[in-house]
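Trainee: I would like a close look at one part of this model, namely its aromatic ring contacts. Please take me through them in one connected answer.

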Amino acid sequence: MPREEVPAVPELTYPEVGATRDGRLPAGYQHLRHRVRLPDGCFPGAADAVLGWRLHRAAGVAMRTDAPRAGVGVRVTPGLGIGPLRIWGPTEVVWAVDGPDRAGFGYGTLPGHPEVGEEAFLVSRAGDGVWFEVTSFSRPAHWWGRAAGPVVRAVQHAYAWWLGRTLRRICAGQ
C-alpha cells in the first residue's frame, strides 16, 4: 500500500487544498492537465527525479527547498527566468505519495506567489505503461497576471510540456 500524506495547511492562499490529488479540480480557476508516456521500466528513476527535485532542476528551474525530497509541509520556492527577471513563487507541499505504482506531490501557493492555486507532479505505473502527469488549477494573484492572461496560460502549458520532455530525457539516460 502506498504511503500518502495530506494535511490542512492554513497559510495557503486558496481553500481547495489537495484537489490535485484526486484530479477533481475546483471551479473558478484555469485548469491544466498534461500527461506524457515515459519509457517502460523507468518508474523508479522517474519517481526519484520527481520527489528529489531533480526533474525541476534539470528543466532549468531554480529550486529553493527546505528538504532534499518532497514531503508534506516542505517549503519550496521555484524560480522561473534568469537573473533579475527570475520570478519566484513560494509554495508548500500539501500532499505526497511514494508507493510502488504512484510517486509525486502537489504543492500549493503561499503569499507572494504570482498565482493562487495548486500544481501536482505525479509518476504512475499501470498496465498501459509508465506515465508522468502535471495537473494544476490556478488564477492570477495580481492585476498584472490578469492583464497578461493568455501569455501566462501559454507559459504554464509550455512549462508542463517541458517537464514531460525533461523527464523522458532523464529516463533515457538511466
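Mentor: What follows covers the ring pairs and then the charges placed over rings. The model is predicted, and it holds 7 aromatic pairs. A pair of aromatic rings is described by the distance of the centres and the angle of the planes.

Take tryptophan 53 and phenylalanine 105, whose rings are 5.3 Å apart centre to centre with 75° between the planes. This pair is edge-to-face, because an angle over 60 degrees counts as such. The two residues come from distant parts of the chain, 52 residues apart. Tryptophan 53 sits in the loop between helix H2 (43–51) and helix H3 (54–58), while phenylalanine 105 belongs to strand S7 (residues 102–109). Both tryptophan 53 and phenylalanine 105 are buried.

Phenylalanine 105 also pairs with tyrosine 107. Here the centres are 5.6 Å apart and the planes make an angle of 55°, a tilted arrangement. Phenylalanine 105 has a relative accessible area of 0%, so this residue counts as buried. Tyrosine 107 has 4% and is therefore buried as well. Ring pairs extend this into a cluster that links Trp53, Phe105, Tyr107 and Phe121.

Two arginines are placed over tryptophan rings. Arginine 35 lies over the face of tryptophan 131, at 3.8 Å from the ring centre.

Technical notes. Residues are numbered from 1 along each chain as its sequence is written. This is a predicted model: local features need pLDDT of at least 70, side-chain atom pairs count only at pLDDT 80 or more; totals for chains, interfaces and linings use all residues. Side-chain values use heavy atoms; hydrogens and water are left out. Rings of Phe, Tyr and Trp (its six-membered ring) pair if their centres lie within 6.5 Å; planes under 30 degrees apart count as stacked, over 60 as edge-to-face and the rest as tilted. Helices (H or I, at least four residues) and strands (E, at least two) are DSSP runs, numbered from the N terminus. Buried means under 20% relative accessible area, exposed over 50%, partly exposed in between (1.4 Å probe, protein chains only). A charge sits over a ring if NZ of Lys or CZ of Arg is within 6 Å of the ring centre and within 35 degrees of the ring normal.
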